[in-house]
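Student: I have just opened a new structure and would like to learn how to read it. Could you walk me through a few features?

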Amino acid sequence: MASLTIRKLDDAIKSYLRLRSAKNGRSVEEEVRVILREYCEGSPAPTASLTLPSTPAERPAVQRTGPAIGQASVTLIIGGGIAAFKSLELIRRLKERHIDVRCVLTKAAQQFVTPLSASALSHERVYTDLFDPGSEFDAGHIRLARECDLIVVAPATADLMAKMAQGHADDLASAILLAANRPILLAPAMNPLMWNNAATRRNVLQLRRDGIHMIGPSAGEMAESNEAGVGRMSEAIEIAAAAVDILRPPRPRPLAGKRVLITAGPTHEAIDPVRYIANRSSGKQGFAIAAAAQAAGADVTLVSGPVELRDPPGVTVIRVESARDMLHRVEAALPADIAIFAAAVADWRVAHEGEQKLKKTSAGMPPLQLVENPDILATISKLQDKRPPLVIGFAAETEQLIHNAKAKIARKGCDWIVANDVSPETGVMGGDRNTVHLLTRDDDNKIRVDSWPVMTKEQVAAELVAKIAKTMEKKS
Ligand SMILES: Cc1cc2nc3c(=O)[nH]c(=O)nc-3n(C[C@H](O)[C@H](O)[C@H](O)COP(=O)(O)O)c2cc1C
């Protein structure tokens with residue numbers, strides 16, 4: 001049987017189909033099926049005679065379009081729970097993520113939200129009945145189960161989950177779920193006693209074994225009673241994120257199984273309890289590298305000085321203050337396969353940290369004697385047993401960038417150096433862009449300089465991680 005791709009049709013035909021399907025409260029694909037059926041039966045309906053559905057609930061609130069090209073589409077089954085109102089927000093959240101949504105409401109769900117609201121928000125016709133002559137002439141429940149990329153059930157009631165676990169198909173929602181060959185994501189919501197009931201526990205276990213994805217429920221107050229416990233439906237934004245995770249094609253994970261240790265940010269070297277020596281590092285580059293390595297599948301530990309940045313998801317973040325703290329936490333985080341030292345570690349600290357706040361006195365300024373801090377990059381590069389196979393340092397310079405970076409790679413004993421010019425006019429320190437030169441060693445130990453164009457710090461991170469992945473692949 002041939003298949004028809006609507007997006008390949010002429011624009012005029014597509015406009016006609018959109019108009020006609022909107023008027024008839026059907027998706028464009030359904031409208032095409034109706035036209036073909038009418039044609040086969042010899043009774044094509046002329047455009048002029050098209051009528052709007054008679055009741056407001058049947059009528060689409062806004063003009064609908066079929067699934068947009070290149071977009072994902074979700075069949076959203078709304079069950080009969082008090083959390084159904086959150087599913088209206090879920091429609092919005094999915095659409096914000098360019099996901100088309102077709103809603104199915106169970107009979108019980110219609111006690112909580114109306115098909116009209118779901119239709120207005122989804123810009124699509126809403127489905128409620130298994131025996132709907134408008135969509136069942138060609139087994140609409142099968143199409144709703146298959147003509148999407150993911151089925152989301154929110155709220156997934158105890159009843160719906162029991163039916164799924166048992167394989168019932170006595171209404172549209174359960175028939176779709178039984179006929180599905182797409183991934184299914186459930187967002188359960190129910191009273192904590194229902195959730196903890198032995199029957200529900202059995203059903204949840206069975207559904208997990210059947211490969212059904214689940215998000216939540218979370219703990220909290222129940223809307224319909226004064227009870228609290230586990231049973232609240234996850235927030236719409238969390239469900240949308242879980243849906244996107246399932247829909248996203250699996251990313252390549254070239255650093256899977258590798259442990260990556262990264263440092264980022266400045267260090268603060270205390271002068272007294274309220275004052276410290278610091279530098280202008282924002283930590284953005286190191287955090288971007290941590291996120292990129294995590295996305296590449298690595299197990300990432302990020303040891304960060306004081307910065308105003310949020311932990312990258314999936315990364316173990318250890319917050320420290322001083323260079324000595326940082327070295328201590330870095331050593332404790334070994335062994336690692338790759339170590340990237342992007343932190344701007346203070347070279348010096350005061351020799352005698354004041355126990356109390358230093359006071360102005362007539363004796364004049366307090367002498368601030370400086371002593372050298374430990375050199376984290378050199379220390380780790382020169383380790384005998386636990387040296388990571390690939391050690392990468394950063395060289396932030398304001399003059400003679402390449403010359404100084406070459407000297408640094410030799411002096412510190414690291415494998416690569418990422419050199420960047422941090423003169424104030426470059427805006428690199430604290431900014432979102434970076435211009436870097438990657439210094440690596442050839443097989444014959446000669447230093448090679450690769451100059452990259454101006455990029456965002458995320459792009460630099462992605463390039464660096466790609467280069468690391470390639471090198472690790474060669475090494476193994
Ligand atoms: C006010 C009210 C709130 C309800 N909330 C829930 C709920 O949050 N979770 C649940 O599993 N059932 C809840 N129920 C029970 C379901 O509506 C009932 O089991 C229904 O048969 C579910 O149908 P469905 O699974 O086809 O949507 C509630 C019932 C009422 C009257």
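**Reading the model step by step**

Tutor: Gladly! Helix H13 (residues 323-333) lies across strand E8 (259-264), E11 and E12, and runs at about 165° to E11. Keep in mind that this is a predicted model.

Student: Which strands make up the open sheet, and in what order?

Tutor: Here is the general idea: strands of a sheet pair through backbone hydrogen bonds, either parallel or antiparallel. In this model, eight strands form an open sheet in the order E12-E11-E8-E13-E16-E17-E19-E20, with mixed pairing. At the edges are strand E12 (316-319) and strand E20 (447-451), each pairing on one side only. From one strand to the next, the twist averages 15°.

Student: How many bridges join strand E11 to E12?

Tutor: Four bridges join strand E11 (residues 299-304) to E12, and the two run parallel. Ser304, for example, has Arg319 in E12 as its bridge partner.

Student: Where should I be careful with the pLDDT?

Tutor: Where pLDDT is low, the predicted coordinates should not be read in detail. The chain's mean pLDDT is 87, and 88% of its residues reach 70 or more. Over residues 44-70, however, the pLDDT is below 50.

Student: Does Glu89 count as buried, exposed or partly exposed?

Tutor: Counting neighbours settles that. Glu89, found in helix H3 (residues 84-96), counts as partly exposed because it has 15 C-beta neighbours inside 10 Å.

Student: Which residues come nearest to the ligand?

Tutor: Of the 17 residues around the ligand, Gly80, Gly81, Thr106, Ala108 and Thr157 come nearest. The shell divides into 10 nonpolar, five polar and two charged residues.

Methods:
Residues are numbered from 1 along each chain as its sequence is written. This is a predicted model: local features need pLDDT of at least 70, side-chain atom pairs count only at pLDDT 80 or more; totals for chains, interfaces and linings use all residues. pLDDT is the predictor's confidence in each residue, from 0 to 100. Two residues are in contact if their C-beta atoms, placed from the backbone, lie within 7 Å. A residue is near a molecule or strand if its C-beta atom, placed from the backbone, lies within 6 Å of it. Ala, Val, Leu, Ile, Met, Phe, Trp, Tyr, Cys and Pro count as nonpolar, Asp, Glu, Lys and Arg as charged, and the others, Gly among them, as polar. A residue is buried if 20 or more other C-beta atoms lie within 10 Å of its own, exposed if 12 or fewer, and partly exposed in between; C-beta atoms are placed from the backbone. Two strands pair if DSSP finds at least two bridges between them. Axes are lines fitted to C-alpha atoms, for helices over the stretch in contact, and angles run from 0 to 180 degrees between N-to-C directions.
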